[in-house]
Amino acid sequence: QVQLVESGGGLVQPGGSLRLSCAASGSISRINTMGWYRQAPGKQRELVAGVSSGGISNYADSVMGRFTISRDNAKNAVYLQMNSLKIEDTAVYYCNADVWSSLRLRNYWGQGTQVTVSS
């Protein structure tokens, strides 16, 4: 069994910064793509940023230039540095990963961490 555990959410003022962390644990052979999604109230879950095992990243247009995704393959971890936060960044942020475990590739989600941007 594989688990993804996020941390780092919270309340921040507009223009502030937060850093989210996600660590994968369990019977892991290899992790392919890791990413961050978010879901605001009344909206669909959307991709925020993703990063391949080789370090190639992609971002939603709305966060380009403000957010940075990174990963530590040795720790099976992915991070999201969020700068210049806006009120519209308020959402539950979910970690996601494609994990090889027991010779099978499966997609996993974390439990989510709340990010609230408010003055």
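The model is predicted.

**The core**

In soluble globular proteins, nonpolar side chains tend to be buried together. Here the largest nonpolar core has 31 residues. Which residues have the most contacts inside this core? They are W36, L80, M82 and Y93. Eight named strands each supply at least two residues of the core: β1 (2-7), β3 (18-26), β4 (30-39), β5 (46-51), β7 (67-72), β8 (77-82), β9 (91-101) and β11 (113-117). β9 gives the most, with 5 residues.

Take L80 as an example. Beyond its neighbours within four places in sequence, L80 is in contact with a list of residues that includes L18, L20, W36, V48, F67, I69 and Y93. Among its other contacts are R19, A49 and T68.

**Strand β1**

In a regular strand the side chains alternate between the two faces of the sheet. Within β3, A24 is the bridge partner of L4.

**The disulfide**

A disulfide is a covalent bond between the sulfur atoms of two cysteines. The count for this model is 1 disulfide. It joins C22 to C95. C22 lies in strand β3 and C95 in strand β9, so the bond ties together parts that are 73 residues apart in sequence. Is the pair buried or exposed? Both C22 and C95 are buried. The torsion about their S-S bond is about -80 degrees, so the disulfide is left-handed.

**A buried aspartate**

D89 sits in the loop between β8 and β9. How buried is D89? Its relative accessible area is 0%, so D89 counts as buried. The side chain of D89 makes a polar contact with the side chain of R66. The D89 side chain also reaches the backbone nitrogen of K86. Leaving out residues up to four places away in sequence, D89 touches R38, R66, F67, S84, V115 and V117.

| From | To | Distance |
|---|---|---|
| C22 sulfur | C95 sulfur | 2.1 Å |
| D89 side chain | R66 side chain | 2.7 Å |
| D89 side chain | K86 backbone nitrogen | 2.7 Å |

Technical notes:
Residues are numbered from 1 along each chain as its sequence is written. This is a predicted model: local features need pLDDT of at least 70, side-chain atom pairs count only at pLDDT 80 or more; totals for chains, interfaces and linings use all residues. Side-chain values use heavy atoms; hydrogens and water are left out. A nonpolar core is a set of buried Ala, Val, Leu, Ile, Met, Phe, Trp, Tyr and Cys residues joined through side-chain atoms within 4.5 Å. Buried means under 20% relative accessible area, exposed over 50%, partly exposed in between (1.4 Å probe, protein chains only). Helices (H or I, at least four residues) and strands (E, at least two) are DSSP runs, numbered from the N terminus. Contact means heavy atoms within 4.5 Å. A polar contact is a pair of N or O atoms within 3.5 Å; within protein, one must be able to donate a hydrogen and the other to accept it, and residues adjacent in sequence count only if both atoms are side-chain atoms. Two strands pair if DSSP finds at least two bridges between them. A disulfide is a pair of cysteine sulfur atoms within 2.5 Å.
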